[in-house]
Number of protein chains: 2
Amino acid sequence: FILDEDVGEDTVPSFSSNSENSIYMVSDGTGWTVDHSVQAALSQFEYCLADRGCSVNTHLFSEVNDVERLMEIIRDAGKEHAILVYTLADPAMAEAAKKACQLHGVSHLDMLGPITELLGSHMRVTPMGLPRGASGRKVVLSKEYFKRIEAVDFTIKQDDGAFPKNLHKADVVLVGVSRTSKTPLSTYMAQKGYKVANVPLVLGVDPPKELFAIDQNRIYALTINPNFLQAIRFARYKTLGVSKPSAYSDLDHIRRELDYASKLFVQNPKWPVIEVTGKAIEETAAVILRIYHDRKKKHVMPRISRRY
Amino acid sequence: FILDEDVGEDTVPSFSSNSENSIYMVSDGTGWTVDHSVQAALSQFEYCLADRGCSVNTHLFSEVNDVERLMEIIRDAGKEHAILVYTLADPAMAEAAKKACQLHGVSHLDMLGPITELLGSHMRVTPMGLPRGASGRKVVLSKEYFKRIEAVDFTIKQDDGAFPKNLHKADVVLVGVSRTSKTPLSTYMAQKGYKVANVPLVLGVDPPKELFAIDQNRIYALTINPNFLQAIRFARYKTLGVSKPSAYSDLDHIRRELDYASKLFVQNPKWPVIEVTGKAIEETAAVILRIYHDRKKKHVMPRISRRY
Ligand SMILES: Nc1ncnc2c1ncn2[C@@H]1O[C@H](COP(=O)(O)O)[C@@H](O)[C@H]1O
Ligand SMILES: Nc1ncnc2c1ncn2[C@@H]1O[C@H](COP(=O)(O)O)[C@@H](O)[C@H]1O
Ligand SMILES: [Mg+2]
Ligand SMILES: [Mg+2]
């Protein structure tokens, strides 16, 4: 694996140069949807982005709700030879974007129109054409909303083995040695509405007895390659400003700790053992949630189903 | 506003009925990208989804990496009269999906191909055609990765006014009375790599002196409609299993508390005051982050820029 030195947002250069590839992203909402799609597509160019063989600047414009601002952005995009990717719920705005892009020679893509049309014709209903936050939209305090907020509150309280007496209230309990990404995984899943608790495994310290008393189907074991873990623990050192390495990042110690964890996992065969080496947080979360939903409702093809 | 009784995942019926609208979502990765896009599009039908005038079931299939599984899913989609929305990085898989959908009469949409092609021709480079997690992909422990994990660790530690001495290390500090969504906002932004601290404002308790000593440009004030806040606090009561309402959800008390908060905000004019009433977490986060980036780098059009 590679410790990559990437550039990040603070070093964005001034954007006058035309030699850089620019992507303008416009939404009448938050812009997170178009941002997510562009990031997925960009990952298809990782091979050249990582070594700077190619590079790209993205510019996210959110809450673009009037034609004037839209036109100004598209004019800028034209000057910068940028492309434009947009989600605009109002068909008139989407049409205006398209026309202006054609006028200014800006390559463009509508990321909301096609999927909305497809859903509309499938459901045989007409889309509202109203952006989120449009006046006239009713504000809904849904169960879903409360569920998420509760999940986040719960998950934060239960971080790092706190309050074992609450473990039975968790939808998902993660166990693993230090730096197997238990905490970021927990908050990521909490955002999606799952109550997550995590319990650290430490060599020489018994896990809380409550862990073995709760529904064992809710427990997920995390495992990781020792060298990879060492690199992560070293990085943590640097962050904490500790200079002298201790047992925590010593490879022998790491091996013994992972060994202890594996033995515990073997003794608890109901816990799925999930490899986190080289996986992004959202990838591990996807694996866990697929098993979680599969255990609740068996399908031939594991899936995450929801009803709206 | 409305307290909505929605149905949620636990009550998903068995999926044999053809009268329900089904959306199959397929990804060779996690599926979160296609899920995000479908959710954005579905929100255009909120008007009928909320009152059950229309309804839809979504089924997310992740890590679909072989043609056999893909074909099986599409056959099922055909039987269920579902539509299929997919992100498949391998062009051969995407093509196979398209062909099979045509064969089985399944309406379909490729959510990755068009955006990837557009980026490729803009950057004049060829996409890899490899799904995330494909063997042969190098595993990168990027600065970005560590930055996110650190941000989450920091943010969790700083929740609810803890460790005021660390406030100066935060990128963003949120202040507001109880239940103005400080905690879920903090973890949402942490996920995106920002270190967030939050400080509760409580009537009769002075905020920590450190709040006034740090860079005031990093502080964001949250405000909310009193009736809305009361509804949220009542809901919290139910969750906590407390039956008798106290000052916490008393409207007069809430008004006094919000009044105290507004006065503090007036005294600290550098803090942008952000209205959270009726906003989803990601909407408030978008507003805050737009200001955050704008303060770091002034543009005529506020934007969030990144370099890849
Ligand atoms: N709750 C919602 N109601 C209406 N439109 C929404 C909603 N959420 C997202 N959208 C629309 O979906 C697109 C993507 O949203 P966003 O991710 O906020 O940029 C935008 O055009 C939004 O207007
Ligand atoms: N880091 C990555 N490398 C390669 N492809 C990716 C990456 N992240 C996402 N993708 C692709 O983008 C699409 C959406 O990803 P996901 O959100 O995980 O379903 C899938 O086709 C993935 O294969
Ligand atoms: Mg942790
Ligand atoms: Mg809180």
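Student: Which handedness does the crossing of α7(A) past α11(A) have?

Tutor: The convention goes like this: a crossing is left-handed if the near helix is turned anticlockwise from the far one by less than a right angle, and right-handed if clockwise. Here α7(A) passes α11(A) in a right-handed crossing. Keep in mind that this is a predicted model, where local features need pLDDT of at least 70, side-chain atom pairs count only at pLDDT 80 or more, and totals for chains, interfaces and linings use all residues. Residues are numbered from 1 along each chain as its sequence is written, chains are lettered from A and ligands numbered from 1 in the order in which they are written, and side-chain values use heavy atoms, with hydrogens and water left out.

Student: At what angle do α7 and α11 of chain A pack?

Tutor: Helices (H or I, at least four residues) are DSSP runs, numbered from the N terminus. Axes are lines fitted to C-alpha atoms over the stretch in contact, and angles run from 0 to 180 degrees between N-to-C directions. For α7 (residues 182–191) and α11 (residues 281–296) of chain A, the angle is about 65°, with the axes 10 Å apart. On the α7(A) side, the contact (heavy atoms within 4.5 Å) is made by A:P184, A:L185, A:Y188 and A:M189. Its residues divide into eight nonpolar, one polar and one charged.

Student: How are α6 and α7 of chain B arranged?

Tutor: Angles over 145 degrees count as roughly antiparallel. In chain B, α6 (residues 143–157) and α7 (residues 182–191) pack at about 165°, their axes 8 Å apart. That makes α6(B) roughly antiparallel to α7(B). The crossing of α6(B) and α7(B) is right-handed. B:R148, B:A151, B:V152 and B:T155 of α6(B) meet B:S186, B:T187, B:A190 and B:Q191 of α7(B). That set splits into three nonpolar, four polar and one charged.

Student: Now the ligands: where does ligand 1 lie?

Tutor: Ligand 1 lies between chains A and B. A residue is near a molecule if one of its heavy atoms lies within 4 Å of it. For ligand 1, 19 residues surround it, and the closest are A:S27, A:D28, A:T30, A:G31 and A:T33. A polar contact is a pair of N or O atoms within 3.5 Å. One polar side-chain atom of A:D28 lies 2.6 Å from an oxygen atom of ligand 1, while one of B:S43 is 3.3 Å from a nitrogen atom of ligand 1.

Student: And which residues are closest to ligand 2?

Tutor: They are B:S27, B:D28, B:T30, B:G31 and B:T33, among 19 surrounding residues. Ligand 2 lies between chains A and B. A polar side-chain atom of B:T30 sits 2.7 Å from an oxygen atom of ligand 2.

Conventions:
Helices (H or I, at least four residues) and strands (E, at least two) are DSSP runs, numbered from the N terminus. Angles under 35 degrees count as roughly parallel, over 145 as roughly antiparallel, 65 to 115 as roughly perpendicular and the rest as oblique. Ala, Val, Leu, Ile, Met, Phe, Trp, Tyr, Cys and Pro count as nonpolar, Asp, Glu, Lys and Arg as charged, and the others, Gly among them, as polar. A polar contact is a pair of N or O atoms within 3.5 Å; within protein, one must be able to donate a hydrogen and the other to accept it, and residues adjacent in sequence count only if both atoms are side-chain atoms.
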